[in-house]
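Hi,

Here is the structure I promised to pass on. Have a look at it first, and my notes follow below.

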Amino acid sequence: MKRTLVTLAVTLSVAAPALADQALAMSKNCMTCHGVDKKLVGPSFKDVAAKYAGQGGAADKLAAKIMKGGSGVWGPVPMPANTQVNEAEAKKLAAWILTVK
């Protein structure tokens, strides 16, 4: 029983931040254009994570793109600036996106 509780606690502590960050993505309307594992208007978060995997400064680069927008990296459709996302939220979203597998 004790082992089961420890396993459950570890699972919840690992899963909770990921779910919280996905909830942040949903609350900031990121999921309108991006799917976790499928392309919508923009690339999936899984594809973004794969593209930037192992790159130094990737989280900061993505956080800047989240706030300021961008174009040309994923095709002709530009990503608009997300003025409703502050710097701390953008960094949290970028860190989460880089963990999506």
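Contact here means heavy atoms within 4.5 Å. Leaving aside neighbours within four places in sequence, I66 is in contact with M79, A81, N82, V85, A90, L93, A94 and I97.

Before the rest, some housekeeping. This is a predicted model, in which local features need pLDDT of at least 70 and side-chain atom pairs count only at pLDDT 80 or more, while totals for chains, interfaces and linings use all residues. Residues are numbered from 1 along each chain as its sequence is written, and side-chain values use heavy atoms, with hydrogens and water left out.

I66 also turns up in the largest nonpolar core, which has 17 residues; F45, L62, I66, L93, W96 and I97 have the most contacts inside it. (Such a core is a set of buried Ala, Val, Leu, Ile, Met, Phe, Trp, Tyr and Cys residues joined through side-chain atoms within 4.5 Å; buried means under 20% relative accessible area, exposed over 50%, partly exposed in between, with a 1.4 Å probe and protein chains only.) Two or more residues each come from helix 1 (2-27), helix 2 (45-52), helix 3 (58-68) and helix 4 (87-97), and helix 4 gives the largest share, five residues. Helices are DSSP runs of H or I, at least four residues, numbered from the N terminus.

A search of the whole structure finds one aromatic pair. Because F45 lies in helix 2 and W96 in helix 4, the pair ties together parts 51 residues apart in sequence. F45 is buried at 4% relative accessible area, and W96 is buried at 6%.

Best wishes

How values were computed:
Phe/Tyr/Trp six-rings, centres within 6.5 Å; stacked < 30°, edge-to-face > 60°.
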